[in-house]
Amino acid sequence: MPKPIWLFDLDNTLHNASHAIFPAINANMNAFIAKVLGDGDTPADPDTVNAARLAYWKRYGATLLGMVRHHQVRMDDFLREAHRFDDLPSMIRAERGLGQLLRRLPGRKILLTNAPRRYSHDVMRHLGLHRHFAKHIAIEAMHVHRQLRPKPSRHLLRKLVAKERIAPSRCVLVEDSVDTLKAAKAIGMRTVWITQYLATSPNLRQLAGNRPLPRFTKRPIYVDVKVQSVMELPTTLHRLR
């Protein structure tokens, strides 16, 4: 069989963004959204802001898309304000051996992330993983017919395979987001669900009303392989053929 083309998500797939990065991004987003939804003098209240951020994230897969579509926010402004960190390297948490893992996996690897280019580039360089990827596709490059189409857009995934001149069946998407995995499966890709950081995701916890989260034990039909960690990928290759 031809070697697969691996499409890797970044946050909560290759590293633990729920530890410190996602909480900081949410706080930054909330401050920005409060100004946008306010009356010009007084920022919007926290309940209104949280509801808008979560609703857009749930509906579009990215809060940014809702702010752009419904509030005429500029993408660059939103991404810049949401990804301000005092000390990003100290916030990054990841498993050891990721570089060795990527070397062992047969096939070309592409980073496919809804994060902005500068942030994702900084995280990948800090982890020493950038050299293992043939291509880095960040949210700034996720336009289809001049419209912003981040994951989980099927239009984006179809454009990607067309541009790479590969069949969807050769692609393996490795993700923590079930919505993106579902979209990938619908166009013929193979799918791997990473679950180990989901229980600590601040967005999922807020959507659950801070009630105990499910243990993510059930594998949806659109997921070919469910694992806790990307480190388990070499032992699951036979299930992706």
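Buried residues account for 49% of the 241 residues in the protein chain. The model is a predicted one. It contains 10 helices and 8 strands. The radius of gyration is 18 Å, in agreement with the value near 18 Å that a compact globule of 241 residues would have.

**Overall dimensions and surface**

- The C-alpha trace of the protein chain spans about 60 × 40 × 35 Å along its principal axes.
- Of the contacts between residues at least 6 apart in sequence, 68% join residues at least 24 apart.

**Aromatic pairs**

- There are 5 aromatic pairs in the whole structure. One of them is formed by tyrosine 56 and tyrosine 60, with 6.3 Å from centre to centre and 35° between the planes.
- The pair of tyrosine 56 and tyrosine 60 counts as tilted, because an angle under 30 degrees would be stacked and one over 60 edge-to-face.
- Both tyrosines belong to helix H2 (residues 46-60), where they are 4 residues apart, about one turn of the helix.
- Tyrosine 56 has a relative accessible area of 14% and is therefore buried, the cut-off being under 20%.
- Tyrosine 60 is likewise buried, at 11%.
- Elsewhere, ring pairs join Trp6, Phe8 and Phe133 into a cluster.

- Thr63, Leu64, Leu65, Gly66 and Met67 are the buried residues of H3.
- The cover over these buried residues includes helix H1 (21-37), H2, H4 and E5.
- Histidine 70 also lies in helix H3. With a relative accessible area of 36%, histidine 70 is partly exposed, so its value falls between the 20% and 50% limits.
- Leaving out residues up to four places away in sequence, histidine 70 touches Tyr56, Arg59 and Tyr60. Among these are the two tyrosines of the tilted pair.
- Histidine 70 and tyrosine 56 are 14 residues apart along the chain, and their C-alpha atoms are separated by 9.7 Å.
- H3 is followed by glutamine 72, which has a positive phi.

**Backbone exceptions**

- Most residues other than glycine have a negative phi, and most peptide bonds are trans.
- Glutamine 72 is not a glycine, yet its phi is positive, at about 55°. This residue sits in the loop between helix H3 (63-71) and helix H4 (75-82).
- The relative accessible area of glutamine 72 is 62%, so this residue is exposed.
- Arginine 146 is another residue that is not a glycine but has a positive phi, of about 65°. The loop between strand E4 (143-144) and E5 holds arginine 146.
- Arginine 146 counts as exposed because its relative accessibility is 81%, where the cut-off is over 50%.
- A cis peptide bond runs from lysine 151 to proline 152, with omega near 15°.
- Proline 152 is placed in the loop between strand E5 (147-148) and helix H8 (154-164).

- Helix H1 contains asparagine 26. This residue counts as buried, with a relative accessibility of 10%.
- Apart from neighbours within four places in sequence, asparagine 26 is in contact with Arg53, Pro202, Asn203 and Gln206.
- Aspartate 41 is located in the loop between H1 and H2. Its relative accessible area is 73%, so aspartate 41 is exposed.
- From aspartate 41 to proline 234 the C-alpha separation is 55 Å, and the two residues are 193 apart along the chain.

Definitions and conventions
Residues numbered from 1 in each chain as written. Predicted model: local features only at pLDDT ≥ 70, side-chain atom pairs only at ≥ 80, totals over all residues. Heavy atoms only, no water. Phe/Tyr/Trp six-rings, centres within 6.5 Å; stacked < 30°, edge-to-face > 60°. Helix = DSSP H or I, 4+ residues; strand = E, 2+ residues; numbered from the N terminus. Buried < 20%, exposed > 50% of the residue type's maximum accessible area, 1.4 Å probe, protein only. Rg over C-alpha atoms; globule rule 2.2 N^0.38 Å. Contact = heavy atoms within 4.5 Å.
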